[in-house]
Amino acid sequence: MKIKKKCVAMLLAGGQGSRLYALTQKVAKPAIPYGGKNRFIDFPLSNCINSGIDTVGVLTQYQPMVLNEYIGNGQPWDLDKMHGGVHVLPPYQTAAGASWYEGTANAIYQNMAFIERYDPEYVIVLGGDHIYKMDYSKMLDYHIANNADSTIAVIDVPRSEASRFGIMTCDEEGRIVDFTEKPKEPKSTLASMGIYVFSWEKLRKYLIENENANTGSKDFGKDIIPAMLANDERLFAYEFEGYWKDVGTLDSLWEANMDLLSPSVPLNLYDPNWKVYSRHNNMPPQYIGKNAHVENSMITEGSVVDGTVDFSIISSGVTIEEGASVKYSIVMPGTTIKKNAVVEYAIIGENCVVESDAMIGMNPESVPNRDDWGIAVLGHNITISSGKRVLPKEIISENL
């Protein structure tokens with residue numbers, strides 16, 4: 001029996017995230033911690049339930065164990081529904097054989113049976129690696145009002161950055177007349193956010209045609225959207241105004257966390273009307289010791305701080321011992337910074353140990369040549385021995 005839903009969300013969470021290097025060697029990118037108590041995937045999942053979308057397929061592939069465990073039955077996001085809810089959708093074997101997801105469009109194609117269980121009128125396709133709060137129901141209303149076949153969320157970016165994105169050119173009514181993936185000379189500054197609303201019957205047709213054409217890329221940006229434009233389908237751009245961050249690089253991940261400490265950045269995690277939900281362990285309250293000095297930072301529950309913390313994000317279960325100093329850094333869950341260790345301008349992965357007197361990173365003002373400076377990074381489960389030094393730009397994936 002089909003349970004009809006107006007809209008089903010398909011969340012693409014299977015990418016490798018290779019530009020995050022050591023942080024994604026054993027963890028899918030959407031499962032990377034963010035902001036002390038969240039992970040990337042919390043944002044699209046929270047957006048769905050806050051937007052009234054209660055049926056979500058999460059398409060996993062690369063290193064899915066932590067992500068699968070984190071999503072569980074979807075209860076933290078109120079997505080543990082009997083009819084609908086959240087479903088983890090890895091590649092699987094059929095009578096025709098087994099196949100990995102070959103591209104974003106192919107991933108949806110392989111899960112058409114899941115979509116058709118709910119007989120939706122619309123499908124929204126999302127990424128699992130962006131930080132933003134968005135009401136998808138408004139985008140869906142815009143799609144319906146324009147009698148669109150596809151609606152693509154866009155954000156206005158600086159022209160200097162436009163060549164990193166898929167760029168839309170629109171007419172006066174907002175209808176897309178041109179789309180170019182990562183153009184060398186952009187015609188506009190409207191960048192695709194990787195969020196698509198489709199009328200399901202139309203998308204279904206193009207997915208099947210693309211699969212039969214066997215182009216090799218099987219991708220929305222490279223295949224589906226250009227094919228729809230070539231056939232003069234009704235494609236519209238939905239302009240989003242608000243905070244949105246692609247956290248696909250180490251620098252952007254560091255910047256997105258530091259943004260939480262800036263009063264000028266419009267990303268409010270404390271809004272009771274639009275909560276960002278997460279799965280978290282029951283931990284005791286944070287403890288700030290008598291020798292601690294904390295300024296301009298976020299300290300999550302379960303953390304014990306006896307050292308100095310300034311302009312940093314400290315995740316749950318972190319210990320910072322007396323005499324240790326953490327500045328302008330992200331410390332992910334379960335990590336210990338031992339006595340007199342120094343961490344500056346760094347990202348420290350989960351369950352690491354920085355032994356006493358070790359030094360991670362460096363203040364940019366201390367580097368003679370600014371080109372030699374960058375964020376220092378420790379992967380997950382790394383131990384840095386006493387007195388060892390990790391230089392700016394170094395990415396450590398093994399014990400040192």
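This is a predicted model: local features need pLDDT of at least 70, side-chain atom pairs count only at pLDDT 80 or more; totals for chains, interfaces and linings use all residues.
The surface of this protein exposes about 17,900 Å², and carbon and sulfur atoms supply 46% of that area.

Some overall numbers next. Of the 400 residues, 55% count as buried. The protein has eight helices and 31 strands. Its radius of gyration is 22 Å, close to the 21 Å that the globule rule gives for 400 residues, so the protein is as compact as a globular protein of that length. Along the principal axes, the C-alpha atoms fill a box of roughly 65 × 50 × 45 Å. As for contacts between residues at least 6 apart in sequence, 59% of them join residues at least 24 apart.

Now to one strand, β4, which covers residues 55–59. Five of its five residues are buried, meaning under 20% relative accessible area. The strand is therefore largely enclosed by the rest of the structure.

Which way do the residues of β4 point? Thr55, Gly57 and Leu59 point one way, while Val56 and Val58 point the other way. In a regular strand the side chains alternate between the two faces of the sheet. In β4, the residues pointing either way are all buried.

What does β4 pair with? One partner is strand β1, residues 7–12, in the parallel sense over four bridges. There, Leu11 stands opposite Val58 of β4. Another partner is strand β5, residues 85–89, also in the parallel sense, over five bridges.

Together with helix α2, residues 65–71, the strands β4 and β5 make a right-handed β-α-β unit.

Technical notes:
Residues are numbered from 1 along each chain as its sequence is written. Side-chain values use heavy atoms; hydrogens and water are left out. Buried means under 20% relative accessible area, exposed over 50%, partly exposed in between (1.4 Å probe, protein chains only). Helices (H or I, at least four residues) and strands (E, at least two) are DSSP runs, numbered from the N terminus. Two strands pair if DSSP finds at least two bridges between them. A crossover is right-handed if, with the strands pointing away from the viewer, the path from the first strand over the helix to the second runs clockwise. The radius of gyration is taken over C-alpha atoms; the globule rule is 2.2 Å times the number of residues to the power 0.38. Contact means heavy atoms within 4.5 Å. Accessible areas come from the Shrake-Rupley method with a 1.4 Å probe; for residues, only the protein chains shown count as cover.
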